[in-house]
Amino acid sequence: MSASHNAPVTSSGQGRLWSEVFRRSRISPHVFVVADAAADQVNRVVAGLGLPQATSNSLFDNAHWATPLLDGAVTRLLTYGLPAPPSGTRVYGHRPLRLLCHLMDLRPPARALTGERNVPNIDQLLADLDWQRQAEHQALLAQARTAMANDSQEVRAAVRVFFGDEAADAAAVEMTG
C-alpha cells in the first residue's frame, strides 16, 4: 500500500469486533450500516484513502457524500424528511467492509458472510486499493454516484449495479453478527 496516504494500516485482528462498528442492513446482505458512534472514524479513514468523493447537496433535498471503495462504496446520507434509509454512513460490499476492518484494526468476520463468495486476502485488497487509486477520476466519481440512494429501492438498484442481479434479489439477512 502506498505510504503517501493518511489512512492507518494496522494488523487487523487485535481490536474491537467488526460488529461493534458495522451491522448488516435489512435492505441487502451487501450493505452494512455504520454505528453512529463510529461514523466519524470510518469517514476519516475513507477520506484518507486518496479516492475522490462525489457529493450532492441541494436545498430541500437529502445530502449525499459517496466515495468509491474497491467494488463498492462508502456513503453518507443526511436526510430531510422520512425516506426509508435514515441518515447515516453505509458500506456497500463485503470487500470494502473487510478492508475497513483491516484499516481500523477491527477483528473481521471469522467466516464468509451471507452473499460473500469467499473471504478475500488482505494483501489482495490492499493491492486492489492501490490499483483503484490509479483509476480514472471520472470513472471513480461515477462509481460513487451509483451508491447515492434515497430509499431502499435505490439501494437495491445500486447493489445490482455493483454486485449483479443475484445480489440485489437476495432476501434481507439476519441482524446479528
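**The sheet**

In what order do the six strands form the open sheet? The order is β1-β2-β6-β5-β4-β3, with antiparallel pairing. Strands here are DSSP runs of E, at least two residues long, and helices are H or I runs of at least four, numbered from the N terminus; two strands pair if DSSP finds at least two bridges between them. This is a predicted model, where local features need pLDDT of at least 70, side-chain atom pairs count only at pLDDT 80 or more, and totals for chains, interfaces and linings use all residues. Residues are numbered from 1 along each chain as its sequence is written, and side-chain values use heavy atoms, with hydrogens and water left out.

At the edges sit β1 (22-24) and β3 (54-56), each pairing on one side only. From one strand to the next, the twist averages 25°. Strands β4 (residues 63-69) and β5 (residues 72-78) run antiparallel and are joined by seven bridges. Ala66 stands opposite Thr75 in β5.

**A helix across the sheet**

Helix α5 (residues 152-163) lies across β2, β5 and β6 (88-92), at about 30° to β6. Axes are lines fitted to C-alpha atoms, for helices over the stretch in contact (heavy atoms within 4.5 Å), and angles run from 0 to 180 degrees between N-to-C directions.
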